[in-house]
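Please keep the sequence and the 3D view at hand while reading.

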Amino acid sequence: MHTVGTFSFESAADVREQYDDVGPAAQTVVREVAKGMAFDREEYADRVSSEVIETARDALFASLLAVRVGTREEFDDWRESYDGEVSVAGHENVENVVWHVGPEGEAAAATFQNEEDAAIATLRRQAFGQLYRDLL
């Protein structure tokens, strides 16, 4: 078993603080991408809205969530000791699982056979929607 990513949280307040902290990075990423696409000031003002920056912030935050990657057996062992609710996407007869534990007694998990990176990316999006969107 191993972990990929950096963000894990003890409380909703920690979530909000980290989400606030990635805001300036999201703005910088959007600005630099717009430069790379040769947007002039007018096009930037027309196309880069607060919704665009918020979407970048959401994606950046989600992409940094700490995700555990393990076998079905490792996941089952962890789940037996976890006291919260776990939402699992995927098929139960698959060999590998990725999971993320939220701050409020909930976790999200997804099964996968071969494509670890794809499973991690999918789980991060699911975890953001299930565990964090309502906290922000």
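Predicted model: local features only at pLDDT ≥ 70, side-chain atom pairs only at ≥ 80, totals over all residues.

## Terms and model

A residue is called buried when its relative accessible area is under 20%, exposed when that area is over 50%, and partly exposed in between.

## Helix α5 and its surroundings

Helix α5 covers residues 116-132. With its 17 residues it reaches 22 Å from its first C-alpha to its last, which is close to the 24 Å expected at 1.5 Å a residue.

Which residues of α5 are buried? They are Ala119, Ile120, Leu123, Arg124, Ala127, Phe128, Leu131 and Tyr132. The elements that cover these buried residues include the strands β1 (2-4), β2 (67-71), β4 (96-101) and β5 (106-112), together with the helices α1 (12-36) and α3 (50-63).

## Arg124, a buried charge

Arg124 lies in helix α5 and is buried, yet this residue has no salt bridge.

What lies 3.1 Å from a polar atom of the Arg124 side chain? The backbone oxygen of Ser63 is found at that distance. When residues up to four places away in sequence are left out, Arg124 touches Val4, Gly5, Ala62, Ser63, Leu65 and Val67.

## Val4 in strand β1

Val4, one of the residues touched by Arg124, is found in strand β1. Val4 has a relative accessible area of 26% and is therefore partly exposed.

With residues up to four places away in sequence again not counted, the contacts of Val4 are Leu65, Ala66, Val67, Val69, Ile120 and Arg124. Asp77, by comparison, is 73 residues from Val4 in sequence, and the two C-alpha atoms are 19 Å apart in space.

## Aromatic pairs

A pair of aromatic rings is described by the distance of the centres and the angle of the planes. The count for this model comes to 11 aromatic pairs. Phe9 and Tyr132 form one that is edge-to-face, with 5.7 Å from centre to centre and 75° between the planes. This pair links distant parts of the chain, since Phe9 sits in the loop between β1 and α1 while Tyr132 belongs to helix α5, 123 residues apart.

Both Phe9 and Tyr132 are buried. The two residues also belong to a cluster linked by ring pairs, in which Phe7, Phe9, Tyr19, Phe61, Phe128 and Tyr132 take part.

## Salt bridges within helices

Side chains of opposite charge can pair when their charged atoms come close. Glu32 pairs with Lys35, the closest N and O atoms being 3.5 Å apart; both residues lie in helix α1, 3 residues apart, which is about one turn of the helix. Glu32 has a relative accessibility of 42% and so counts as partly exposed, whereas Lys35, with a relative accessible area of 55%, is exposed.

In helix α2 (residues 41-47), Glu43 and Arg47 are 4 residues apart, about one turn of the helix, and they form a salt bridge whose closest N and O atoms are 3.0 Å apart. Glu43 is partly exposed at 28% relative accessibility, and Arg47 is likewise partly exposed, with a relative accessible area of 48%. In helix α4 (residues 72-81), Asp76 and Arg72 are also 4 residues apart, and their side chains meet in a salt bridge at 3.9 Å, N to O.

## Ala38 between two helices

Ala38 is placed in the loop between α1 and α2. The phi angle of Ala38 is near 65°, a positive value in a residue other than glycine. At 61% relative accessibility, Ala38 counts as exposed.

How values were computed: Residues numbered from 1 in each chain as written. Heavy atoms only, no water. Buried < 20%, exposed > 50% of the residue type's maximum accessible area, 1.4 Å probe, protein only. Lys, Arg positive; Asp, Glu negative; His and termini not counted. Salt bridge = Lys/Arg side-chain N within 4 Å of Asp/Glu carboxyl O. Polar contact = N/O pair within 3.5 Å; in protein donor to acceptor, adjacent residues only side chain to side chain. Contact = heavy atoms within 4.5 Å. Expected span 1.5 Å × (residues − 1). Phe/Tyr/Trp six-rings, centres within 6.5 Å; stacked < 30°, edge-to-face > 60°.
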